[in-house]
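Here is a short report for a reader new to this structure. Look over the sequence and the model, then read on.

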Amino acid sequence: MKIVVLVKQVPDSTEIRVDKETGTLIRAGVPSIINPDDLAGVEAALQLKEKNGAHITIISMGPPMAADMLKELYARGVDDCILITDRAFAGADTCATSSTLAAALNKVGYDLIIAGRQAIDGDTAQVGPQTAERLGIPQVTYVDEIIDINDTTVTVKKALEDCEQILEAKLPCVLTTLSGMNEPRYMNCNDIVDSFSKEVKIMTFNDLEIDASKVGLAGSPTKVHHTFTKEVSAETQTFTLPADETAKLIAKTLKEKQLITK
Amino acid sequence: MFIDTCYNLEKDCKKISFQRYAWLKKLVKKITIILTHEKNSSKIIMDCAFIVKVYMRKKHVLQILWFNYMYEERRTFMDFMLTEQQKMMKKLFSEFAEKEVKPLAGEIDEEERFPRETVEKMRTCAMLGIPFPREYGGAGADYLSYILAVEEISKVCGTTGVVLSAHTSLGTTPIYMFGTDEQKKKYLPDLCSGKKLGAFGLTEPNAGTDAAGQQTTAVKDGDDYIINGSKIFITNAGEADVYVIFAMTDKTQGTRGISAFILEKGTPGFTIGKHEKKLGIRGSATSELIFNNVRLSKDQLLGQEGKGFKIAMQTLDGGRIGIAAQALGIAQGAIDEAVAYVKSRKQFGRPIAKFQNTQFQLADMQTKTDAARWMVYSAAMAKETGQPYTYLAAEAKLFAAEVAMEVTTKAIQLLGGYGYTRDYPVERMFRDAKITEIYEGTSEVQRMVISGQMLR
């Protein structure tokens, strides 16, 4: 079975600076990590490999420095790492990104595609589903557990806010995973040493069969007009009430604000 | 043809300085290995061929190459620019220490409990055979990577640091360095993969610093040896499966009458005695080994008969870098705790980090710890690159241990009354630091080794 995991390198900071002119993130100087939801996807793939045997390919799209992150995935036990990198892909929104990834996936081949639910920098949760649509294959989002897999189908648990669903999907399909679904394994000293003799394969625009108008800025219908920090108003009300009434008031307020449902 | 060139080159080399000779010899060896094994390392062959060619024709170009080489070597020595591989290793160790070792550190100290579960987790990360070749089940990484592991783990737990250090430096290294092919094949894969844990038994009640005063005896009986006696203060005792121990095979010969043996847990007559109650590293198992007519076959003799003292001393040379790394880790761990504390602790209306005394104390603590780090890493690099390192290891251990003691004392002072309690880890770190001035050669022994080299 050929499993492909889509992985993104994201800035490891809550203090992300934004370029005021372009409205895009300034990545220089911010330490990078593997997006947590994606890392859960990698772990899920590794567990499947241990259980049933599989070949795991990682595909990432990003600047050349993302290759270091991919080496770390070699050190966790994946088989192949591909970095899609080209100036032609710069400035891509989720629409252009999924087009590019789909083109790469068609080239690489797949039985199962795993992507993280969403990246901690953009929080769109769109790339996984869009990729599935472009490939014309089923998708299950918010996967919390892969229950069973065989040559034709996969059974998963999907975690929604107030319920869980057990779903079966035909292969090939796309699953998007939640970071809470597992505890990603550590790198392994042997694999770290080996990872330095393995190559991160580079794919550029010329390697993919895709129209230039569908990638990068040109292929991105999303335009960021203005980026700003939301102002938080600190309006405080003080109540002096007996304990039971206080509890009722808190519950009522939380319900009104739709922070709790029951 | 290459071989001839190499041979001539080596002959010529003997006329030049020792250091350059060593470099060229290494080169020649590399070429010979490549040619004999017909390995497809075309780049190395090209490099070597180029240098050999240049050497034959233009000696001044060789001079430039030599300076470049020395510059590179010095960079590794002086800047400690960790390689990408070492950085990735460090990342793993630090993440592992933070998530797996730190949460247990207080508990295993309090309960004086061996961290078996952590050893098991280290095994899954292949951390128990870091500097040994892949053919014996090791990770095939460098010595500095192993030192980084001891340092990162000791930052949060001195006990776990010494478990790793004693297993790697003392239990496994002597078998790797002095074992026969059969012994290496028999013991190393299990030790390097962490399936088995290693230990080292040299110290006796009457043979501490004076290690030559061994009273444990090994008497020949046909092809076997019968061991009688005991060892004390043995790290990992009872928890380890494989022990490298020392015994007198010939009392009349003094140090030349000492031999080394490999002993396995469960051998009839071999028992674990009293478990020591210690000031620090309380989770580490420190016990007595008792040998009562233990029969060992000649296959369990490590190295030649009578060469045990040399094996012990050379093993301890390397081990000292491990303990120096443990001391370094403890010192840095205490600084990290102190920095976090002084930022949040308020007195006289502001965080105590704003007071100059705090700032100056911290600056001194970090400066000394960084100096110790420099020494520990250079000793590790010297060992890795095949340079003499005995005195570097002794200096690193002496200095790092004393820095660890000083820094942990100051850290407690910065935390004040809280620092003296078990609510904060600096109290444990202070207790753990003390042993680094004592085991694997006391600070006094290190001074003997260093001055011995100076006054030769």
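## Where the chains meet

This is a predicted model. Chain A and chain B touch, with 11 residues of chain A and 13 residues of chain B taking part in the contact. On the chain B side, 10 of the residues are nonpolar, two are polar and one is charged.

## Chain A

Chain A has six helices and 11 strands. Its C-alpha trace spans about 65 × 45 × 40 Å along the principal axes.

Of the 262 residues in chain A, 38% are buried. Take the contacts in chain A between residues at least 6 apart in sequence: 70% of them join residues at least 24 apart.

## A proline in helix α5 of chain B

Helix α5 of chain B covers residues 84-111, and B:P103 lies in it. Is B:P103 buried or exposed? B:P103 has 12 other C-beta atoms within 10 Å, and a residue with 12 or fewer counts as exposed, so B:P103 is exposed.

B:P103 can also be placed relative to B:V244. The two are 141 residues apart in sequence. In space, their C-alpha atoms are 32 Å apart.

## Helix α11 of chain B

Helix α11 of chain B runs over residues 356-384, which is 29 residues.

Just after α11(B) comes B:G386. This glycine takes a positive phi of about 75°.

## Helices α12 and α13 of chain B

Helix α12 of chain B covers residues 390-420, and helix α13 of chain B covers residues 426-435. Their axes come within 8 Å and cross at roughly 155°. An angle over 145 degrees counts as roughly antiparallel, so α12(B) is roughly antiparallel to α13(B). The crossing of α12(B) past α13(B) is left-handed.

Which residues make this contact? From α12(B) come B:A404, B:M405, B:T408, B:T409, B:A411, B:I412, B:L415, B:G419 and B:Y420. From α13(B) come B:V426, B:E427, B:M429, B:F430, B:A433 and B:K434. By class, the contact of α12(B) with α13(B) has 10 nonpolar, three polar and two charged residues.

Terms used. Residues numbered from 1 in each chain as written. Chains lettered and ligands numbered in written order. Predicted model: local features only at pLDDT ≥ 70, side-chain atom pairs only at ≥ 80, totals over all residues. Helix = DSSP H or I, 4+ residues; strand = E, 2+ residues; numbered from the N terminus. Buried ≥ 20, exposed ≤ 12 C-beta atoms within 10 Å, placed from the backbone. Contact = placed C-beta atoms within 7 Å. Nonpolar A, V, L, I, M, F, W, Y, C, P; charged D, E, K, R; others polar. Expected span 1.5 Å × (residues − 1). Axes fitted to C-alpha atoms, helices over the stretch in contact; angles between N-to-C directions. Parallel < 35°, antiparallel > 145°, perpendicular 65-115°, else oblique. Left-handed = near helix turned anticlockwise from the far one by under 90°.
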